[in-house]
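Let's take a walk through this protein together. Have the model open and follow along as we go from the core to the ligand and then to a pair of helices.

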Amino acid sequence: MNYRSIDFVITTPPSVDQVFELLRAVIDPELGADIVTLGMVPGVSVTPEGDVTVGVKLTIGGCPLRAQIKKDVESRVAVHPGVRDVRIEWGEMNSDERTDVMLKARWNARENAPATAVPLTTRVLAIASGKGGVGKSAVTVNLAAAVAAQGFTVGVLDADIWGFSVPRLLGIDEPLEAQRVKGSDKPMIIPNELPVGPKSRGGLLKVVSTGFLVEEGTALMWRGLMLTKAVEQFLHDVEWGDLDYLFIDMPPGTGDVQMGLARMLPRTDLLIVTTPALAAQKVAARAADMARRSFLRVCGVIENMSTFTCDHGETYSLFGEGGGQLLADEIGVPLLGRIPLEAAVTTGGDAGTPVSLAGTGLAAKEFRAIAQLIVEEVSPPTNMAGCSARMLNLAAAALDAHDATK
Ligand SMILES: Nc1ncnc2c1ncn2[C@@H]1O[C@H](COP(=O)(O)OP(=O)(O)O)[C@@H](O)[C@H]1O
Ligand SMILES: [Mg+2]
């Protein structure tokens with residue numbers, strides 16, 4: 001072999017296919033997959049001189065990751081011998097392409113998601129907000145109880161590890177027990193059960209909270225990672241059994257648990273709770289934005305503490321007006337309801353009996369109406385859902401079976 005031919009071998013530019021292969025190393029950290037798999041690279045061209053042009057379509061033009069993707073694309077392609085220059089032609093996805101890339105990312109997350117003990121047919125609803133004190137826990141417990149009262153089995157996972165309040169709101173104080181169950185090689189945590197609604201319907205709540213593991217008043221100083229670990233353990237090591245719904249009371253603000261949930265249970269739908277104040281709506285919008293980034297679908301907004309009606313029948317908007325609708329419009333989801341500020345909500349919580357079960361006031365009625373909406377429209381139980389949902393579940397089950405054989 002003479003020097004000339006070696007020179008020739010080294011300087012041959014890569015083929016278009018080779019460039020695509022190199023680009024598989026460029027990961028969009030937000031979407032959790034490489035940019036080729038995600039369909040973000042519409043085309044590649046290579047000149048005989050070794051000038052490579054890579055088309056990259058961003059989900060939005062002003063994507064904050066643009067600089068990082070640029071650097072990664074350039075450095076990955078440049079490592080190939082024979083590349084003289086790398087140029088990126090930026091593009092922006094239209095809404096169809098964006099939907100497509102979201103689906104791919106969700107699919108990908110789903111495919112790589114660790115198995116959980118939550119049945120595939122369970123509808124998972126996480127109740128989130130931008131900040132604490134807006135009534136997330138009150139909404140979680142009241143909706144879970146109202147849905148269960150219709151005869152469903154509803155899990156309640158108190159993922160607010162620091163600020164748990166679900167045990168008190170449901171009047172449960174027994175510690176959790178672990179048992180060896182059929183088909184598992186380790187003891188599983190058995191949720192506390194609470195029958196609700198008319199006996200004939202058989203409504204049941206299955207409740208898990210760190211509140212069952214520690215004494216009330218004990219300070220819990222868990223950091224982000226441990227927080228996610230705790231939630232992960234509740235999803236893996238709890239023997240949920242049959243479950244039509246799982247309601248998750250999310251901790252305020254933090255993105256850790258949300259990201260963890262997106263990884264472990266990517267089919268989770270988010271319900272965002274906000275107060276009517278316009279300032280609160282901005283904070284809640286951030287929660288919705290975070291959800292989008294981790295590819296959790298937001299399925300509705302609930303406005304809490306909407307109006308206050310005094311004993312004389314006069315109604316006041318103590319915390320402002322319109323925040324719920326504004327937020328719903330902004331993220332393009334329905335406003336599922338507006339729950340008034342009512343003493344019965346707090347007294348019901350203090351007594352451990354959610355007002356939505358037997359309450360006769362406006363708040364109780366609104367909770368029940370929202371529960372009805374959830375069951376009938378927003379997130380109908382899986383066995384009654386339309387064909388496409390069934391197919392998705394079949395696909396998910398097939399994927400699980402496939403994973404299990406690996
Ligand atoms: N619609 C309502 N009417 C009256 N009090 C409410 C209502 N919603 C929530 N509360 C009260 O507000 C406080 C905060 O609610 P909570 O559910 O603990 O909020 P979060 O879980 O978002 O921190 C509690 O004392 C609760 O009883
Ligand atoms: Mg709470």
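Start in the middle: the largest nonpolar core has 77 residues, and Val 147 and Ile 272 touch the most other members of it. Helix α5, which runs over residues 136–148, gives the most to this core, with nine residues. Keep in mind that what you're looking at is a predicted model.

**More on the cores**
- What does Ile 272 touch, leaving out residues up to four places away in sequence? Its partners are Ala 128, Ser 129, Ala 284, Ala 287, Ala 288, Val 298, Val 301 and Leu 327.
- There's also a second, separate core, made of 21 residues, with Leu 22, Leu 38, Val 83 and Ala 105 among them.

**The chain as a whole**
- If you count up the pieces, the protein chain has 14 helices and 16 strands.
- The chain is 406 residues in length, and buried residues make up 39% of them.
- Take the contacts between residues at least 6 apart in sequence: 75% of these join residues at least 24 apart.

**Around ligand 1**
- Ligand 1 is surrounded by 18 residues, and the closest are Gly 135, Lys 136, Ser 137, Ala 138 and Val 345.
- Which elements give two or more residues to this shell? They are α5, β14 (297–309), β16 (335–341) and α11 (343–351).
- Sorted by class, the shell around ligand 1 has seven nonpolar, nine polar and two charged residues.

**Where α5 meets α13**
- Helix α13 covers residues 362–378, and its axis comes within 9 Å of the α5 axis, with the two crossing at roughly 65 degrees.
- The crossing of α5 and α13 is right-handed.
- On the α5 side you'll find Asn 142, Leu 143, Ala 146 and Val 147. They meet Phe 367, Arg 368, Ile 370, Ala 371, Ile 374 and Val 375 in α13.
- By class, this contact has eight nonpolar, one polar and one charged residues.

**A look at Gln 68**
- You'll find Gln 68 in helix α3, which spans residues 66–78.
- Why does Gln 68 count as partly exposed? Because Gln 68 has 14 C-beta neighbours inside 10 Å, and partly exposed lies between 12 or fewer (exposed) and 20 or more (buried).
- Gln 68 and Val 26 are 42 residues apart in sequence, and their C-alpha atoms are 9.5 Å apart in space.

Technical notes: Residues numbered from 1 in each chain as written. Chains lettered and ligands numbered in written order. Predicted model: local features only at pLDDT ≥ 70, side-chain atom pairs only at ≥ 80, totals over all residues. Core = buried A, V, L, I, M, F, W, Y, C linked by C-beta atoms within 7 Å. Helix = DSSP H or I, 4+ residues; strand = E, 2+ residues; numbered from the N terminus. Contact = placed C-beta atoms within 7 Å. Near = placed C-beta within 6 Å. Nonpolar A, V, L, I, M, F, W, Y, C, P; charged D, E, K, R; others polar. Axes fitted to C-alpha atoms, helices over the stretch in contact; angles between N-to-C directions. Left-handed = near helix turned anticlockwise from the far one by under 90°.
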